[in-house]
Amino acid sequence: MRMTPQRQLVLDALLELEHATPEQVCQRVQRSTPTVNITTIYRTLELLESLGIVRHTHLGHGAPNYSVHEHRHVHLVCHHCGNVIETPCEVMEELRGTLRARHGFELDASHLALSGLCRNCSGENS
């Protein structure tokens, strides 16, 4: 599989944005190359994911978010402001053990988003 200029543009956009929807990637790519359309972005993201270069996560309702970075973290998504906090998967160890013991279920916490309120929106500024 060769690295086409359009694939490189998508990768560069993801590296800049860190977590991005296909639409956000498209907007970033179109800044330098207006002829790239959303269909090309979706196809490229699917290809890059099948190659293990990018990974998607659902951070709430709507389009998935893609990232080039290794997903060894849990996403904490604020309902109010939309802020995304990344925390190590180790915070889920107790739940992982409980799910394994009770249900024989192996949790993949690296592909997980939890929603709630961030410190600023909940009023806990300490």
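Keep in mind that the model is predicted.

Start with His75. It sits in strand β3, which covers residues 73-78. Buried or exposed? His75 is buried, because its relative accessible area is 0% and the cut-off for buried is under 20%.

Now its polar partners. The side chain of His75 makes a polar contact of 3.4 Å with the side chain of His19. A second polar contact, 3.2 Å, joins the side chains of His75 and His73. Leave out residues up to four places away in sequence, and the residues that His75 touches include His19, Thr57, Leu59 and Val84. Ile85, Glu86, Leu112, Ala113 and Leu114 are also among them.

Next, helix α2, residues 22-32. Which residues of α2 are buried? They are Pro22, Val25, Cys26 and Val29. Look down the axis of α2: these buried residues fall within an arc of 100°, so they line one face of the helix. The general rule is that an α-helix has 3.6 residues a turn, so residues three or four places apart point the same way. What covers the buried residues of α2? The cover includes α1 (5-17), α3 (38-50) and β2 (65-67). On the face turned away from the buried side, α2 carries the exposed residues Gln27 and Arg31.

Last topic: charge pairs. Side chains of opposite charge can pair when their charged atoms come close. How many salt bridges does a search of the whole structure find? Four.

One is Asp108 with Arg55, where the closest N and O atoms are 3.2 Å apart. Asp108 is partly exposed at 40% relative accessibility. Arg55 is also partly exposed, at 25%.

Another is Glu93 with Arg96, 2.3 Å from N to O. Both lie in helix α4, three residues apart, about one turn of the helix. Glu93 counts as partly exposed, with 40% relative accessibility. Arg96, in contrast, is buried, with a relative accessible area of 12%.

Then Arg100 with Glu106. Their closest N and O atoms are 2.8 Å apart. Arg100 is partly exposed, at 38% relative accessibility.

Terms used: Residues numbered from 1 in each chain as written. Predicted model: local features only at pLDDT ≥ 70, side-chain atom pairs only at ≥ 80, totals over all residues. Heavy atoms only, no water. Helix = DSSP H or I, 4+ residues; strand = E, 2+ residues; numbered from the N terminus. Buried < 20%, exposed > 50% of the residue type's maximum accessible area, 1.4 Å probe, protein only. Polar contact = N/O pair within 3.5 Å; in protein donor to acceptor, adjacent residues only side chain to side chain. Contact = heavy atoms within 4.5 Å. Arc of directions from axis to C-beta. Salt bridge = Lys/Arg side-chain N within 4 Å of Asp/Glu carboxyl O.
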